[in-house]
Amino acid sequence: MGLRKHPDEFASYDPHESKQVTQIRTQVGIVGAGPAGLVLAHLLHLEGIDSVVLENRSRQHCEERIRAGVLEWGTVELLNQMGVGERMQREGLIHYGIEIRFGGRGHRIDFKDLTGRAITVYGQHEIIKDLIRARLESNGQIFFEVEDVSVHQFDTEYPSIRYRQDGNTHEIRCDFIAGCDGFHGICRPAIPTDALTVYERVYPFGWLGILAEAAPSSEELIYAYNDCGFALHSMRSPQITRLYLQCSPDEDLAKWPEDRIWQELQTRLADDSDWRLNEGPILQKGVTGMRSFVVEPMQYSRMFLAGDAAHIVPPTGAKGLNLAVADVRVLARALKHFYSLGRTNLLDQYSVTCLRRVWRVQRFSWWMTSMLHRHEGNPFDQRRQLAELDYVTSSRAASQSLAENYVGLPME
Ligand code: RFL
Ligand code: PHB
C-alpha cells in the first residue's frame with residue numbers, strides 16, 4: 001500500500017485559473033476543524049497516517065465558540081488515550097448524576113448507582129484548544145481562514161480539495177476526503193442528491209442559551225419541566241454557569257433583556273424549597289433552533305461524512321459532540337485497516353457501523369426533548385409528559401435506561 005508519510009507541496013499551472021496552483025499531497029483531506037475533524041486528524045496521526053485539515057474560520061473563533069459541555073465516559077476515555085486529556089482531567093467537572101425537576105420537586109438520576117459511570121462537564125471550546133495545540137505540536141497541518149473550499153473527484157481514486165487563501169488557489173490531493181464541516185458545510189451538498197436519503201424533524205421550539213459569570217447554583221445539571229417551558233441549568237467551571245430557556249425557534253433576542261432572562265430562569269427552575277438560582281453578568285447569549293436530522297448513507301465513494309455534517313440531534317440529550325467523536329473513531333479505525341492491510345471492508349461498512357449508534361442516539365435525544373418541552377395544544381400530551389417524568393424518576397428500570405443512554409452507550 002502506498003503509504004505517503006509526509007504531505008509534500010509542489011506547484012503546477014492550471015489553465016482554468018491562468019496561474020499557479022499550489023498542490024499539497026496527503027492521505028486524508030479533512031474539511032472542518034470542529035471536534036470531528038480535529039479528533040480524526042489526531043487519531044490518524046497516532047496511526048502514522050497523514051492528513052491536512054481545512055477550516056474556514058479563524059483559530060481564535062474556533063477556540064472561543066461556546067457550544068457543548070457534556071462528555072460521555074467513552075469520549076473522555078478516548079481523549080485520554082489520545083494523550084489530549086491532561087487539562088480535561090485537571091479542569092473537567094466529574095458528575096455522577098443529574099436532576100430532573102418538575103411539579104416543584106427535584107429527582108436525582110444517580111449515574112454511579114445505575115451504571116457505575118459518570119459524565120464530565122468540560123467545554124467543547126476547551127477540547128478544541130487542547131486538540132489544536134496537540135496537532136500543531138506534532139507538526140500537524142491545519143489551515144485556518146481558507147475560502148471557497150470545494151471537493152472534487154471523490155468518486156475516483158484521486159479525490160482533491162480546492163480552496164483559496166491569501167488570494168492564491170491551492171489544491172489538496174488525497175486518497176480520501178473526510179467531510180467534518182458541520183451541518184452547513186459543503187461536503188454533504190457535493191454528493192449527488194439521488195445518492196442520499198434525508199430523515200428530518202424540525203421542532204416548534206428553540207433554546208435561548210446564556211453564559212453567565214455566576215457560580216453554579218447546584219453541583220449537577222438540572223433539567224426542569226415547567227408550565228412556562230423547559231429550562232436547563234449547566235455550568236462550565238466553578239465560576240461560570242451555562243443556562244438555557246425553551247423559546248420559539250425564531251425568538252428575537254432584543255426582547256430578552258437581562259432582568260427578563262433571570263426572572264424566567266428563576267420561575268422555571270424553582271422548586272418548593274428556598275433554592276435560588278445565582279445571578280451574575282451575562283457574558284453571551286444566543287438562540288438555537290432544534291432539529292433531528294440524519295443523512296444515509298454517511299459515505300459516497302471516497303468521501304466520508306462525520307459528525308454534524310451527517311446528523312444533528314436536538315441538544316436535550318447532550319449528544320452532538322459525543323456522536324461526532326464516535327463517528328471519527330470508527331473512521332480512523334477503518335482507515336488504519338486500509339493503510340495497514342490494504343483492505344476496504346471496514347471503510348465499506350463505515351456508514352452502517354455509525355448509523356446504528358446514530359439512530360439509538362437520535363431516539364434518546366428525541367425522547368428527552370419530547371418529555372421535557374412544553375408544546376401548544378393538547379392537554380392529553382401534558383398529562384402524558386407528567387406521567388413519563390413520574391415514571392422515569394420513580395422506576396429503577398426507567399431511570400437506568402435514561403442513565404445508560406446519558407452517560408453513553410458503549411462505543412462500537
Ligand atoms: P462543528 O463543530 O460544527 O465543526 C465543523 C467545522 O467545520 C467548519 N466549516 C468549514 N470549514 C471549511 N470549509 C467550509 N466550507 C466549512 N464549513 C464549515 C466550521 O467552521 C467548523 O469549525 O461540527 P462537528 O465537528 O461535527 O461537531 C459537532 C458538535 O460541534 C455539535 O454536535 C455539538 O456542539 C452539539 N451540542 C452538544 N453536543 C454534546 O455532545 N453535548 C452538549 O452538551 C451539547 N450542547 C450543542 C450543545 C450544540 C449547541 N449549539 C450551539 C448548536 C449546545 C448547543 C447550544
Ligand atoms: C451545556 O452545558 O451546554 C449543555 C448541557 C446539557 C445539555 C445541553 C447543553 O443537554
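Reply: In general, two packed helices are described by the angle between their axes and the distance between the axes. Here the axes of H11 (residues 350-372) and H12 (residues 379-394) cross at roughly 120° and come within 8 Å. Axes are lines fitted to C-alpha atoms, for helices over the stretch in contact, with angles from 0 to 180 degrees between N-to-C directions. Helices (H or I, at least four residues) and strands (E, at least two) are DSSP runs numbered from the N terminus. This is a predicted model, in which local features need pLDDT of at least 70 and side-chain atom pairs count only at pLDDT 80 or more, while totals for chains, interfaces and linings use all residues. Residues are numbered from 1 along each chain as its sequence is written, and side-chain values use heavy atoms, with hydrogens and water left out.

Me: Which residues of H11 and H12 make the contact?

Reply: H11 contributes Trp367, Ser370, Met371 and Leu372, and H12 contributes Gln385, Glu388, Leu389 and Val392; contact means heavy atoms within 4.5 Å. Five of these residues are nonpolar, two polar and one charged. In this division Ala, Val, Leu, Ile, Met, Phe, Trp, Tyr, Cys and Pro are nonpolar, Asp, Glu, Lys and Arg charged, and the others, Gly among them, polar.

Me: Which strands pair with S18?

Reply: Two strands pair if DSSP finds at least two bridges between them. S15 (residues 197-212) runs antiparallel to S18 over seven bridges, with Gly206 opposite Cys247. S17 (residues 231-237) is also antiparallel to S18, through six bridges; Ser237 has Ile240 as its bridge partner, and two residues lie between S17 and S18 in their hairpin.

Me: What is the strand order of the open sheet of six strands, and where are its edges?

Reply: The order is S10-S4-S3-S14-S21-S20, with mixed pairing. S10 (141-143) and S20 (299-300) each have a single partner strand, so one side of each lacks a neighbour in the sheet. S4 (residues 51-54) and S10 are parallel and share three bridges, and Leu54 is the bridge partner of Phe143. Helix H1 packs on this sheet, touching S3 (28-31), S4, S10 and S14 (176-179), and its direction makes about 160° with that of S3.

Me: Which residues have the most contacts inside the largest nonpolar core?

Reply: A nonpolar core is a set of buried Ala, Val, Leu, Ile, Met, Phe, Trp, Tyr and Cys residues joined through side-chain atoms within 4.5 Å. The largest holds 78 residues, and Ile30, Val39, Leu40, Ile161 and Leu335 have the most contacts inside it. Helix H9 (residues 320-341) gives the most to this core, with twelve residues. A second, separate core has 34 residues, including Leu114 and Tyr223.

Terms used: Chains are lettered from A and ligands numbered from 1 in the order in which they are written. Buried means under 20% relative accessible area, exposed over 50%, partly exposed in between (1.4 Å probe, protein chains only).
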